[in-house]
Amino acid sequence: MSLDPATVRRIARLARIHLDEAEVPRLQDELNAILGWIEQLNELDVADIAPLTGPAQMALKMREDRVTDGGLREAVLANAPDRAGDFFAVPKVVE
Amino acid sequence: MLTDLTLAEASAGLAARRFSAAELTEAHLAAIAALNPRLNAYITLAADSARAEAADADAARARGEAGPLAGIPLAIKDLFCTAGLRTTAASRILGNFIPPYESTVTANLRRAGAVFLGKANLDEFAMGSSNMTSAFGPVENPWKPRGDAAAKLVPGGSSGGSAAAVAARLALGATGTDTGGSIRQPASFCGIAGIKPTYGRCSRWGIVAFASSLDQAGPFARTVQDCAMLLGAMAGHDPKDSTSADRPVPDFAAACSRSLRGMRIGIPREYRAPGMSGEIEALWQRGLDWLRAAGAEPVEVSLPHTKYGLATYYIVAPAECSSNLARYDGVRFGLREDGADLTELYERTRAAGFGDEVRRRILIGTYVLSAGYYDAYYLKAQKVRALIHRDFTEAFAKVDALLTPTAPSAAFAQGANMDDPVQMYLNDVFTVPASMAGVPAMSVPAGLDSDGLPLGLQVIGRPFDEETVFAVAAAIEREAGFDAQPAIRAGVAP
């Protein structure tokens with residue numbers, strides 16, 4: 001599978017990363033080189049193998065449903081690039 | 001010089017009141033002031049808070065309440081959130097981020113009495129094998145090829161600043177994180193020891209996330225024993241990380257003196273890759289001879305899916321990274337670039353904030369998770385990952401540990417491999433399989449190549465059996481008698 005320029009633009013859009021049109025050809029080449037190298041996995045037949053999501057072979061722990069933290073409004077907002085009172089501020093959103 | 005002590009020696013010296021934590025910290029701050037402008041191993045220095053922490057350690061000792069690492073100066077990879085101390089992940093997008101909270105691993109180290117000298121440089125978001133992708137500039141490896149003092153080599157990556165700082169005596173030890181080799185490969189390139197413990201041994205809470213099913217914290221130090229002391233303080237269950245293992249932390253330092261008599265050490269035949277350098281192969285053979293001399297029995301084993309490890313990794317890790325890095329949106333913290341609307345704000349912020357390698361991985365990850373490609377790439381990779389995991393399970397039914405080279409080469413020049421991402425990825429060919437399986441693995445310095453550059457050997461163990469890994473690595477360390485020192489180090493700078 002090889003990515004065309006339109007697919008590169010679509011992926012960038014999905015990832016919310018702006019691309020200058022001039023960057024598309026180089027990125028297309030780099031991504032295709034990586035994906036072409038990954039194709040070697042097609043040599044393997046894995047039809048009957050159960051996927052492994054991670055190595056933590058453990059049952060997830062249950063915990064009591066209670067508040068352990070909170071009331072940290074200023075800490076939460078301390079790194080905000082823009083705020084309005086006790087809220088994060090963003091450009092107006094009208095859909 | 002105080003900076004030449006091992007962590008264990010410094011700890012004993014502090015306990016015997018031969019010097020104070022304040023003196024030990026000042027010696028390291030002076031070395032950093034002299035060498036960091038050149039090596040760039042630290043992104044952020046914490047001289048004032050380090051002095052205060054050293055004074056606290058001295059006061060605690062005077063009261064008879066010194067913790068196990070009281071007064072020990074460390075470098076902290078700038079991926080661990082430190083409350084009130086800038087944490088950048090070596091990215092423009094977090095260039096001014098001051099965490100309001102402390103990672104569990106660094107909190108554990110603080111509780112043990114450690115002194116934090118500063119935040120160590122790394123590849124951006126820990127994505128790289130050279131430290132060249134840092135937004136704060138490359139790190140210079142303190143080792144020089146014989147007869148070429150002007151050469152600038154990479155320290156490896158991603159934890160390149162941590163490894164360079166420990167090698168150059170700008171810290172007694174350091175924290176790192178390892179997702180596909182980011183502790184072991186820089187340890188090998190810088191001639192020091194480093195261990196990636198079992199997935200789940202250390203809490204990931206408060207560590208800037210890259211690939212959550214792979215990321216694991218671990219220590220660097222100049223000896224195996226020092227790594228064991230550090231890991232003992234870093235590890236432990238944390239209710240805030242549901243994947244952290246709820247099991248006791250063994251006495252890792254005691255395991256370093258265990259006998260290898262009767263132990264079976266596996267040699268995976270698939271690691272003898274075509275094109276392996278003769279020097280690496282010879283070093284590997286010497287490692288086997290050392291282990292045999294220490295009473296262990298080498299056994300050839302097979303890890304049949306080894307060759308698929310890297311390709312699997314470069315689906316799984318980017319997929320998880322594209323999801324984890326979605327949080328950098330310019331709204332709640334970090335860099336913001338304005339846009340006409342919210343979508344443009346996101347797109348401009350992320351274009352300006354992420355470097356080339358991070359962007360590549362986010363795009364690959366987005367693609368392999370996107371509708372129509374998920375099964376062909378991501379699900380397939382998870383299935384191959386199951387096969388790689390099974391390889392290790394079957395091998396560990398026959399042997400107690402595995403011995404392999406850590407990396408396919410010694411440190412390379414800054415700027416090499418930068419044009420070809422796949423060539424750069426091949427650095428991790430020997431380290432990635434253990435990451436995919438979640439098993440513990442350690443790099444220990446074993447010799448020098450013909451250019452006088454350090455090479456490491458990797459010891460891989462069963463899940464949660466770091467003790468055997470430490471025992472085998474310590475035996476290699478004793479037999480190898482590696483005592484070479486980097487050209488650039490505290491007190492010596494050509």
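Let me start with F88(A), which sits in strand β2 of chain A, residues 87-88, where strands are DSSP runs of E of at least two residues and helices are runs of H or I of at least four, numbered from the N terminus. What we have is a predicted model, in which local features need pLDDT of at least 70 and side-chain atom pairs count only at pLDDT 80 or more, while totals for chains, interfaces and linings use all residues. Residues are numbered from 1 along each chain as its sequence is written, and chains are lettered from A and ligands numbered from 1 in the order in which they are written.

F88(A) is partly exposed because 14 other C-beta atoms lie within 10 Å; buried would require 20 or more, exposed 12 or fewer, and partly exposed is in between, with C-beta atoms placed from the backbone. Leaving aside neighbours within four places in sequence, F88(A) is in contact with A80(A), R83(A), V331(B) and R332(B), contact meaning C-beta atoms, placed from the backbone, within 7 Å.

That takes us to the contact between the chains, to which chain A gives 39 residues and chain B gives 53. On the side of chain A that touches chain B, α1 (5-14) and α2 (24-38) each supply at least two residues, and the largest share, six residues, comes from α2(A). By class, that side of chain A divides into 29 nonpolar, five polar and five charged residues, with Ala, Val, Leu, Ile, Met, Phe, Trp, Tyr, Cys and Pro taken as nonpolar, Asp, Glu, Lys and Arg as charged, and the others, Gly among them, as polar.

Within α1(A), V8(A), I11(A) and A12(A) are buried. They lie on the same side of α1(A) because they cover an arc of only 100° around the axis, the arc being that of the directions from the helix axis to the C-beta atoms. What covers the buried residues of α1(A) includes α2 of chain A and α12 (356-369) of chain B.

Turning to chain B, α10(B) and α12(B) pack at an angle of about 100° with their axes 7 Å apart, the axes being lines fitted to C-alpha atoms, for helices over the stretch in contact, and the angles running from 0 to 180 degrees between N-to-C directions. The two helices are therefore roughly perpendicular, a label for 65 to 115 degrees, with under 35 roughly parallel, over 145 roughly antiparallel and the rest oblique. By class, their contact has eight nonpolar, three polar and one charged residues.

How values were computed: Contact = placed C-beta atoms within 7 Å.
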